[in-house]
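Work through the exercises below with the sequence and the coordinates open. Try each task before reading its solution.

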Amino acid sequence: MEKTAQPKSQTVTRRTFDEVMVQTYAPSTFVPVRGSGMYMWDQEGRQYLDLTGGIAVTALGHTPPVLVEVLKKQAETLWHACNYYTNEPVLRLASAMTAATFADRAFFCNSGGEANEAALKLARRWAHDRHGPQKSRIVSFLNSFHGRTLFTVSVGGQPKYSEGFGPLPGMIDHIPYNDIEAAKKAIGDDVCAVIVEPVQGEGGVLPASPAFLKTLRELCDRHKALLIFDEIQSGMGRTGKLFAYMDYGVCPDILTSAKALANGFPIGAMLTTEDIASVFTVGVHGTTFGGNPLAAAVACKVMETINTPVFLSRVESAGASLKKMLEGLAASYPQAFGGVRGKGLMLGLVMAESCRGRAKEVTAIAEKEGLLLLLAGPDVIRIVPPLIIEETHIREAEALLRQSIEKWLGNA
Ligand SMILES: *Cc1c(COP(=O)(O)O)cnc(C)c1O
């Protein structure tokens, strides 16, 4: 069919989304056009306090001047050179990330799903080369989320994301999270890797118990399997440590990062040890944009900013204050909320038993009041704000939340 030469309309609006976009999302009715710090503004100039952090991405807030400066400088220097060459920003970033963690080696890509894809491929390849092709089983956890590639939806513990996409990759088991006995039963000599989020994000903001992660480490050691920590959401200072594993005192063999790593400039990273990395030889894995100088330059600055004792202890105290505020709210409205859980600035306000499935009603009203919140499933309001959140924002959020809840309960 011929297409008309004219664009459908001169200006784009939310309606344009329904006309030209593949409908994989159902975005809100407003279109944000600008952001600064903790706030965003829409096409009508309305202001929103943004506690979504772009799903734990904009850790330093919207358009932070230090990152704008780095990005502009790199934009005038070198954008892309392809993997025939390396570049200075990516070498600095790999040096910073390996110096700050258990890892000796870094691989860069463009998203969280891609980082997990690399981690899972590395684990399979490592087991294949070191132990033989029979050692290919992957153990994962119910309700986990690891990305949207075919491999990562298969490994993820939410069947709705893999339904209808078969045939799926095989030899993948899903067992209950935080269930030590189930892990003991599931992890045997044919397992090449166990992949786990130290704090489940999409699955409901659920921290692992320390004993659970310690047991996974012991079982992986006993059965010569690799322990993969997906810290795409829990990492980069979110829980008050650079990565959550540092708080648990349990060290993975492979760690994946993305989301906040470059504050919204697309990047993913897979970190591992020298020994494991050695099975990824030249040509075995790759990506065109991975380790791109623009993304790497921004990520370097994010690392430098977040990975200081002062910044991280501030995350911890802001997290404690936000948690206290949410607990106060839950106590004020026991008919609506059951409690608060999470770690650092990765928190979930859980709906009461009698209000199951209704978290979305609250976040929809809050949005109308000018407060942006996320969900983690139907029963949890997820709050993963920029790590730069201050006491004034917490007080403002409390007022907007109380106002929203009063309206929701029909009291206002
Ligand atoms: C967001 C997320 C992913 C996927 O990252 P993408 O960048 O969307 O591919 C994987 N794992 C966890 C824990 C996440 O939160």
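The exercises cover the ligand site, salt bridges, a helix contact and a surface patch in a predicted model.

**Exercise 1. The ligand shell**

Task: List the residues around the ligand, and find which helix gives the largest share of the shell.

Solution: 
- Step 1. Sort them by class. Two are nonpolar, seven polar and three charged.
- Step 2. Assign them to elements. Helix α5, residues 112-131, gives the largest share, with three residues.

**Exercise 2. A salt bridge between strands**

Task: Which parts of the chain does the R137 and D173 pair tie together?

Solution: 
- Step 1. Opposite charges on side chains can pair when the charged atoms come close.
- Step 2. Check the distance. The closest N and O atoms of R137 and D173 are 3.1 Å apart. The cut-off is 4 Å, so the pair counts as a salt bridge.
- Step 3. Place the residues. R137 is in strand β5, residues 137-141, and D173 is in strand β6, so the bridge ties together parts 36 residues apart in sequence.
- Step 4. D173 has a relative accessible area of 25%, so it is partly exposed.
- Step 5. The model has 21 salt bridges in total.

**Exercise 3. Helix α8**

Solution: 
- Step 1. Locate T215. It lies in helix α8, residues 210-222.
- Step 2. Follow its side chain. It reaches the backbone oxygen of A211 at 2.7 Å.
- Step 3. Check burial of T215. Its relative accessibility is 11%, so it counts as buried.
- Step 4. Move to R217. It forms a salt bridge with D221, with the closest N and O atoms 2.8 Å apart.
- Step 5. Count along the helix. R217 and D221 are four residues apart, so about one helical turn separates them.
- Step 6. Check burial of R217. The relative accessible area is 15%, so R217 is buried.

**Exercise 4. Helix α14**

Task: Characterise the salt bridge of E398 and R395, and name the network.

Solution: 
- Step 1. The N to O distance is 3.3 Å.
- Step 2. Both residues are in helix α14, residues 391-408, three residues apart, so about one helical turn lies between them.
- Step 3. E398 counts as buried at 18% relative accessibility, while R395 is partly exposed at 39%.
- Step 4. Bridges with shared partners join E391, R395, E398 and R402 into one network.

**Exercise 5. A nonpolar patch**

Task: Which residues make the nonpolar surface patch, and where is F165?

Solution: 
- Step 1. L150, F165 and L168 make the patch, about 280 Å².
- Step 2. F165 sits in the loop between α6 (150-155) and β6 (172-175).
- Step 3. F165 has a relative accessible area of 52%, so it is exposed.

Key. Residues numbered from 1 in each chain as written. Predicted model: local features only at pLDDT ≥ 70, side-chain atom pairs only at ≥ 80, totals over all residues. Heavy atoms only, no water. Patch = residues over 30% accessible without salt bridge, like charges linked within 9 Å, V, L, I, M, F, W, Y side chains within 5 Å. Areas by Shrake-Rupley, 256 points an atom, 1.4 Å probe, with all protein chains shown as cover. Salt bridge = Lys/Arg side-chain N within 4 Å of Asp/Glu carboxyl O. Helix = DSSP H or I, 4+ residues; strand = E, 2+ residues; numbered from the N terminus. Buried < 20%, exposed > 50% of the residue type's maximum accessible area, 1.4 Å probe, protein only. Near = heavy atom within 4 Å. Nonpolar A, V, L, I, M, F, W, Y, C, P; charged D, E, K, R; others polar. Polar contact = N/O pair within 3.5 Å; in protein donor to acceptor, adjacent residues only side chain to side chain.
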